[in-house]
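Look through the structure shown here, and keep the sequence at hand.

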Amino acid sequence: MGGARDNQGAVYGDKKQKIINPVWRPVSTQASVNEESLVKDVSEDGSQIQEMHCSTSSNVSDAQLGVEVAEAVNEGTDLTLSSSVSLDDIKDETLEGEPVPSAERHSLSVEVGASVIRFIKGKEGSTQKKFEKEMGVKIILPSSKKEDSIIIEGNSTDSVAKASEKIQAIIAEAVESPSLDYSHFVSLPLAVHPELVDKLVNFQNTILGITDVCLDENVGSKSNEDASDSEEKEQQVDQEHKVAVELNIGDNSERVKVDRTSIPIVGYEAKASRPSTSSDLGIDKSIFIKPKTFHLTVLMLKLWNKDRVNAATNVLKSISSKVMDALDNRPLFIRLKGLDLMRGSKDKARILYAPVEEIGDGDRLLHACQVIIDAFNEAGLVFHRDYNKKLKLHATLMNIRHKKRRKGTRRVDYFDARDIFKQFGSKEWGEYLIKEAHLSQRFVYDESGFYHCCASIPFPENMQVD
């Protein structure tokens, strides 16, 4: 930090030196001293040594700290600096002749994004420690999960610059890997239609609730019948075999003789197996898409810092007119009908969705979606593998990836959808107007229950009359 701290234990001669303020390039942080420094001062005849201890956790600048150190040394007294110390507390009686050493210190603030800081830190700080040792710098991580910048400190601009480049390489590798999940996506909201939300709620309740209630009622009635029959049989057995064991004890013997031939052998019928419930089929509430978040996905994005979020916001807003042109400035309606699978088979399903059909002639919807995808790709916000994927518009209803696994239970990455297809395989979900496109943030929700909207552009809702 300051000159007094960076030259601990140094002894100075009687040669006059001027106080040099530490140089910070770029000036992007505040100095924060949290350690004890020792400065020794030798008088001109070399016979007397004064010691000064500085300990502070305040945001005192290096220049101020240098002045305080100089004045304290000239006073010839011990001084402890704390967060409550100000320049007014120190006498302004600077004497010439005693130097205050200083060394250059450089720092750089780098915005990396809160979601990728864990890759810089590593497990229990292992990556950070290794990095600091190899690069000869100090990395200060944010104290809050909401903060997205780190500070690199070093003795030279070269060391700080090289460390910054190395960190950018670590981030680039991390964001390309599956370890960093998608943070945002371009969506076409469907939950804006209340009647569709009601149908989805009914779909979910039918599978989770009514099915299990009916099964429980059947099992309950059958169990009552089985219990009644069992009680009657037990009573009959008791009547037929009232004496099951006879004990014979000799005069002088303590042993007990049991006539095992008198003990009847009673057989019990195996219990009827319980019909499968939704939980037995690998189905629970967590794998259903929340009805209030129902949407079509155009493009998945990884926006791990504010700069990328702002860039994505600007891209979407800038192409509003192009999207309108792609839609021929006419309202766009879609039809949702039936069910289909993205992965797996009906007995081992992973993603269940409702297929999407554009109503009318042409492929205006696909054309508009491609305009959006191309714009984000040109802005450098889309990974190569994502850009090359063929767009398949679909409305996801169930996804096994969302399943919450209870502690101690075996992980199952599929569910049985055969009965669902029997009941809903040809369901008409309805026809709906696509009203707008959103830049949506995952895992964050607005008051409506839909994903947080970072930006949006409208789709035509009325016919344009020339």
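Phe 443 is exposed, because its relative accessible area is 56% and the cut-off for exposed is over 50%. The model is a predicted one. Phe 443 belongs to strand β15, which covers residues 436-445. The backbone of Phe 443 has a positive phi of about 70 degrees, although the residue is not a glycine.

Asn 329 also has a positive phi, near 55 degrees, and is likewise a residue other than glycine. Asn 329 sits in the loop between α8 (320-326) and β10. With 29% relative accessibility, Asn 329 counts as partly exposed.

Strand β10 itself spans residues 333-337, and Lys 337 is part of it. Is Lys 337 buried, exposed or partly exposed? The relative accessible area of Lys 337 is 38%, so the residue is partly exposed. Leaving aside residues up to four places away in sequence, Lys 337 touches Pro 355, Lys 427, Glu 428 and Trp 429. Tyr 353 is 16 residues from Lys 337 in sequence, and the two C-alpha atoms are 9.8 Å apart in space.

Now turn to charged side chains. Side chains of opposite charge can pair when their charged atoms come close. How many salt bridges does a search of the whole structure find? The search finds 14 salt bridges.

One of these joins the side chains of Glu 176 and Arg 385, with 3.2 Å from N to O. This pair links distant parts of the chain, as Glu 176 is in helix α5 (residues 157-176) and Arg 385 is in helix α10 (residues 384-387), 209 residues apart. Glu 176 is partly exposed, with a relative accessible area of 42%. Arg 385 is partly exposed too, at 37%.

Another salt bridge is formed by the side chains of Asp 386 and Lys 389, at 3.7 Å from N to O.

Lys 422 is exposed, with a relative accessible area of 70%, while Asp 419 counts as partly exposed at 48%. Both residues lie in helix α11 (residues 418-424), three residues apart, which is about one turn of the helix.

Which residues have the most contacts inside the largest nonpolar core? They are Phe 203, Leu 336, Phe 376, Met 398, Phe 415 and Ile 420, in a core of 67 residues. Helix α9 (residues 364-378) gives the most to this core, with eight residues.

Phe 203 shows what such a position looks like in detail. Not counting residues up to four places away in sequence, Phe 203 touches Phe 288, Leu 352, Leu 397, Met 398, Ile 420, Phe 424 and Trp 429. There is also a second, separate core of 20 residues, including Ile 171, Ala 174, Leu 180 and Phe 383.

Technical notes: Residues numbered from 1 in each chain as written. Predicted model: local features only at pLDDT ≥ 70, side-chain atom pairs only at ≥ 80, totals over all residues. Heavy atoms only, no water. Helix = DSSP H or I, 4+ residues; strand = E, 2+ residues; numbered from the N terminus. Buried < 20%, exposed > 50% of the residue type's maximum accessible area, 1.4 Å probe, protein only. Contact = heavy atoms within 4.5 Å. Salt bridge = Lys/Arg side-chain N within 4 Å of Asp/Glu carboxyl O. Core = buried A, V, L, I, M, F, W, Y, C linked by side-chain atoms within 4.5 Å.
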